[in-house]
Amino acid sequence: MIHPVYLDYNGTTPNDPRVIEAMRPFIDTLFGNPSSSHWYGIQPKRAVEAARRQVADFLNCKPHEIFFTSGGTESNNHAIKGMARALKEKGRHIITTTIEHPAVLEVCRYLETEGFETTYVGVDPTGRVQVDDICAAIRPDTIMISVMHANNEVGTIQPVREIAGLAHEKGILMHTDAAQSTGKISTNVQDLGVDLLSMAGHKLYAPKGIGALFIKEGFLPEKFCHGAGQEMGWRAGTENVPWIVGLGQACELAGQSLPQAQTHLKQMRDRLHQGVVDQLDNVQLNGDPKDRLPNTLSLSFKYLEANRILEEIGLEVAASAGAACHANTVSLSHVLEAMQIPEQWAKGTLRFSTGRMTTSDHIDQAVTVVVQAVKRLQTD
């Protein structure tokens, strides 16, 4: 069976074979409960703590500042709900942006039902939030700012370091959702200056269902999972040892090859972009032309519909849509709406994202398929 060229690495990544190999013993023979004091428990416990060190080294923090979760969504929930509730006596105002992942936006909206208030700051046409706009949104009762590190749809990198500096000047907590940036650009928490950072394993060549949350020493969100006291008493539940080991290995691998990975991802992304624009008119790049993730390419095809393009290329190229068209209605992604991309462009938006396994042959094949599909649709 011939598989389509995979260009949806921002959606999820394949499991790196080296990650699977690291996990295998803890599925086959080292199956014990890390809380057990006998030999079968000691080996998994050591593995969990080794993985915690691997993640901490990757993010440049202390091992006890790393807490394992089921993924980026849970990490965001713990960070935002947990800290908002822990700080509610100080204030009930949160600042975020209009382009965040639903795992942040929906959490903020839920907190509004508990009496919190959220200010959703807009972005410029490249998808970047302005530090001055964040500053203008700060109130005396602001307790937290949550701004993603890089946007998952258009790849634009946000000024997290500058916003974190502003937040700390005002005594405000800073969280960033780095699910999409880990392994593609540096996520050194000391450089970013954040107090909390969320990450997801399945964006990093580890399995789905594992993630981590960095919580700076001195902070602790209110816990909403009570039990036997795992994860230093903060998140109860028997540890998912194989998956934790996989995340640790994935972080170590990413840390070892970040500069080379960035070069490869960018080369593949730019080869795809150039190949398409060389042969097609009415193609627009979304996001910052330079300051964006090295693997992310959001292209709008004027007057076309994204779902129709995907139908044409779906058996040969895997990508994702930035808009969905149904009958006489068009549902644009909230990111494109926030960027105020005109509908004639936005409704024909596709996101391509390259990865570790992408080759030049994959890209050349994808260019041929996409160009031919768009030309067919343009003549319909």
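Arg128 is buried, with a relative accessible area of 14%, where buried means under 20% relative accessible area, exposed over 50% and partly exposed in between, computed with a 1.4 Å probe on protein chains only. The structure is a predicted model, in which local features need pLDDT of at least 70 and side-chain atom pairs count only at pLDDT 80 or more, whereas totals for chains, interfaces and linings use all residues. Residues are numbered from 1 along each chain as its sequence is written, and side-chain values use heavy atoms, with hydrogens and water left out.

The partner of Arg128 is Asp291, with which it forms a salt bridge whose closest N and O atoms are 2.9 Å apart; a salt bridge is here a side-chain nitrogen of Lys or Arg within 4 Å of a carboxyl oxygen of Asp or Glu. This pair links distant parts of the chain, 163 residues apart, since Asp291 belongs to the loop between strands S9 (283-286) and S10 (296-301), and Arg128 to the loop between strand S4 (117-121) and helix H6 (131-137); helices (H or I, at least four residues) and strands (E, at least two) are DSSP runs, numbered from the N terminus. Asp291 itself is partly exposed, at a relative accessible area of 35%.

In total, the structure holds 20 salt bridges. One of these joins the side chains of Arg52 and Glu231 at 2.9 Å, N to O, and links distant parts of the chain, 179 residues apart, with Arg52 in helix H3 (residues 39-59) and Glu231 in the loop between strand S8 (211-215) and helix H9 (241-256). Both of these residues, Arg52 and Glu231, are buried.

A further salt bridge is formed by Asp364 and Arg271, with the closest N and O atoms 2.8 Å apart. Because Asp364 lies in helix H14 (residues 360-379) and Arg271 in helix H10 (residues 258-277), the pair ties together parts that are 93 residues apart in sequence. Asp364 is partly exposed, with a relative accessible area of 33%, and Arg271 is partly exposed, with a value of 37%.

S12 is joined by two bridges to the antiparallel strand S15 (residues 349-353), in which Leu350 is the bridge partner of Ala321.

Technical notes. Pairing = 2+ DSSP bridges.
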